[in-house]
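Please find below my notes on the model, as numbered points.

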Amino acid sequence: MRERREYSVLGLVQGVGFRPFVHRLATKLALVGDVRNAAGRVEINVEGEPDQLDAFGRALRDEAPPASRVEHVSQRIASPTDARDFRIRESDDDASADVFVLPDLATCDDCRRELFDPADRRFGYAFSSCTYCGPRLTIVDDVPYDRARTAMARFEMCGACRREYEDVGDRRFHAEPIACAECGPRLTLRDRAWAEVASRDPIFDAATRLFAGEIGAIKGLGGYHLACVATSDTAVATLRARKHRDDKPFAVMVADVAAAAAQCHVSPAEEALLVSSRAPIVLLRRKEGSTFAPRVAPGNPNVGVVLAYTPLHHALLAACGRTPLVMTSGNLSDEPIAHDDEDAASRLAELCDFFLVHDRPIRVRCDDSVTRVVAGAELPIRRSRGYAPQPITLRSRAAAPILAAGPQLKATFALARGPYAFISHHIGDLDELATVRAYATAIQHYERMLRLRPELIVHDLHPDYASTRYALTRAHEQGLPVIGVQHHHAHVASCLADNEHDGPVLGVAFDGTGYGHDGAIWGGELLLGDARAVQRFAHLRYVGMPGGDRAIVEPRRMAIAYLLDSGLDPAVIWPDLGREGELLAQVARRPSLSPLTSSVGRLYDAVAAILGVRERVTFEGQAAMELEWLAASAANEELPAYPFDLERDASGTWVLDMRRCIRAIVAERAHREHASISLRFHLTIVEAIRAVVAEARREHGIDATALSGGVFANALLLERAVRTLSLDGVTVLRHRRVCPNDGGIALGQLAVAMAQGS
Ligand code: ZN
Ligand code: ZN
Ligand code: FE
């Protein structure tokens, strides 16, 4: 007896070959009917024998294409029609509930094979893609996902491409961005004045110029990169000078895992990240004898490595004889990455010697993602291309759409619909007007793409964050309610959401800066509670930041503040400081010039300066990072922690007092190895957490902890904390899917708003 079933499949099912898969499956099982993309779901009608229909239903989930993710399948029985074959129908324009857009997918193995196969018609073609790979987020104008609504709309398919597009048996069946040299995007080589340079083979000529030591501006998926040969110290030095970037590490692109393993240690977990379709920059430990120029990542035992992830990159690296290339964002430091040709032509002209560009527009500016493996699991550091806008599923549901405006630094925003949190790509620090504009534009684009109008806006409590101002202005204009969430509460809620854990926990939020309820600069917070509410259970003892924000750039100022607080004369460290030292000491004693902070980031700065590791920084977190490398080089792994005190203040809040630790470090610095001192300092932070966790357990019976905040991007600290606390029988939550730093704040804001709403 023939039957008709109607399926609706929800999840990441558009732009990943889902309809062709359904077509092949239905044809194999001799079923008739049709399949079409609706907004955020695929709708399928199939008719045939019940046995075959059952097999179809099972295979829908079990055999779905690798890049897809089926969230939910609903099924309905209906009466048979007179359908005679199985068809793929055009997308439904009606935009309703659940819309997903896929992240960009790194070039798949088949496409890469074709690229290097002289017999293939796409041999050497830089914009090849298929159902399983290629650009997605960065070319999408609107949904449903169809070629006409992408940056590919301007390229009319040639006969050969169209045949593949229409052939059910082909890997490119209904692959929206497909193209070939006949009909698709083209490469051009341009000089720094943007004039086209005649070239029969732009990739080969670009490689030649890179080898001559030149800097190239190369248009990629989500923006321009600046590239140079990574093994040439002169080329790397030139790039640093032009980009005004002194020490911040550059990422290096290599051809494949073998090329990465020739330079760095690559564990199986790291390899899995490198070769994943997300293709992030993975922080790897450099091997002895690595040929990367030292200036790629000065003084850094690690280096960020990314595999070629577009055919253009594969072809370029092949033309360079597999020589690794520095691939860093095309911008002057602190500006947003250039993605629009006109903008690139003007902003990058001074930075590069030539441009390698193409005529496919970039719709969403999207930096490379950065990630690392810590204690056996992924710890994302910058979640952007390849990750965004893949949603994170939450345990609660948003009753109405919510926008979380995010933080000021490392900004992302997030949108919630139902149980999904869509976290944006990395926008950057909202200090420059250009970045704030990019932020507002991206919010608009995501709302259109996701067919979502926020009915509630969540923001940080800091009144001067550009994201807070955006939230308040917009809420005022549109008459929307707002919720302000304390920065470190958002960090803790983010870690809970990341782990799908409801709490209560002792949330450990250690970072550089966050606006506290008492107006002080928080950043060493141990908060008891859950996503809905927390109480400040303990915090690092307040010290002044001499000269306010200047103390962030000059760790020595924090050292002086800590030395004075510990009853020591800064002259024990800097005997020649003279007048400057007196002035700084005066500033440190004046509350109006030295705002109070409980920031663990600033404590790291102070220790780094006391040990002579760094007295001035050129990028945020630099001193702490160098202290981590120093600790990692320590020979003796089993050292005791330094002493510290944990006492209640008048209000009953626990205060972590590190003055004895500072005095011990000062006493040892002249005769002990600084690597061991740094390691002992890290262990002291772990012991301090452990002491507070013990109090929380004793007083409240809470034996779970969530570690969040930028300080936990420190692999050594996170590893030690996880190990030590787990041995105590404490459940330790750490980040795995979103960033511990402020890149994860927007998710936390959403989680708090949703918890307070329910
Ligand atoms: Zn492919
Ligand atoms: Zn073609
Ligand atoms: Fe933070």
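1. The lining of the second largest pocket draws at least two residues from each of helix 8 (268-275), strand 12 (281-286), strand 16 (370-374), helix 18 (622-632) and helix 21. Helix 21 supplies the largest share, five residues. Helices (H or I, at least four residues) and strands (E, at least two) are DSSP runs, numbered from the N terminus. A pocket here is an open set of points on a 1 Å grid over the protein atoms alone, with protein on both sides within 12 Å along at least five of seven lines; a cavity is a set of points where a 1.4 Å probe fits but cannot get out; lining residues have an atom within 4 Å of a point.

2. This is a predicted model, in which local features need pLDDT of at least 70 and side-chain atom pairs count only at pLDDT 80 or more, while totals for chains, interfaces and linings use all residues. Residues are numbered from 1 along each chain as its sequence is written, chains are lettered from A and ligands numbered from 1 in the order in which they are written, and side-chain values use heavy atoms, with hydrogens and water left out.

3. The second largest pocket holds about 640 Å³ of space. Its lining has 27 residues, and R285, N302, R372, A715 and E719 are the closest to the centre. By class the lining splits into 14 nonpolar, five polar and eight charged residues. For these classes, Ala, Val, Leu, Ile, Met, Phe, Trp, Tyr, Cys and Pro count as nonpolar, Asp, Glu, Lys and Arg as charged, and the others, Gly among them, as polar. A volume is the space filled by probe spheres set on the grid points, which are joined across faces, edges and corners.

4. How many cavities of 30 Å³ or more does the structure hold? There are seven. The largest cavity has about 130 Å³ of space. Of its 18 lining residues, A126, L221, T310, P311 and R360 lie nearest the centre. Helix 9 (residues 311-319) gives the most to this lining, three residues. The lining of the largest cavity is made up of eight nonpolar, eight polar and two charged residues.

5. The second largest cavity has about 80 Å³ of space. It is lined by 13 residues, with G15, V16, G17, R19 and H174 closest to the centre. Here helix 1 (residues 18-28) gives the most, with three residues. The classes in the lining of the second largest cavity are six nonpolar, five polar and two charged.

6. Rings of Phe, Tyr and Trp (its six-membered ring) pair if their centres lie within 6.5 Å; planes under 30 degrees apart count as stacked, over 60 as edge-to-face and the rest as tilted. By this rule there are eleven aromatic pairs. One of them is W194 with F355, edge-to-face at 4.8 Å centre to centre and 75° between the planes. W194 is in the loop between strand 6 (187-191) and strand 7 (196-197), and F355 is in strand 15 (residues 354-358), 161 residues apart. Buried means under 20% relative accessible area, exposed over 50% and partly exposed in between (1.4 Å probe, protein chains only). W194 is partly exposed at 22%, whereas F355 is buried at 0%.

7. F510 and F712 form a stacked pair, 5.8 Å centre to centre with 15° between the planes. F510 belongs to strand 22 (residues 505-515) and F712 to the loop between strand 29 (704-708) and helix 21 (715-727), so the pair ties together parts 202 residues apart in sequence. Both residues, F510 and F712, are buried. Elsewhere, F413, Y439, Y446 and Y470 form one aromatic cluster.

8. R385 sits over Y309, 3.5 Å from the ring centre, and R536 over W522, 3.6 Å from the ring centre.9. H459 lies in strand 20 (residues 456-460) and is buried, with a relative accessible area of 8%. Not counting residues up to four places away in sequence, H459 touches A405, T468, A471, L472, V482, I483, G484, V485 and Q749 (contact means heavy atoms within 4.5 Å).

Note on methods
A charge sits over a ring if NZ of Lys or CZ of Arg is within 6 Å of the ring centre and within 35 degrees of the ring normal.
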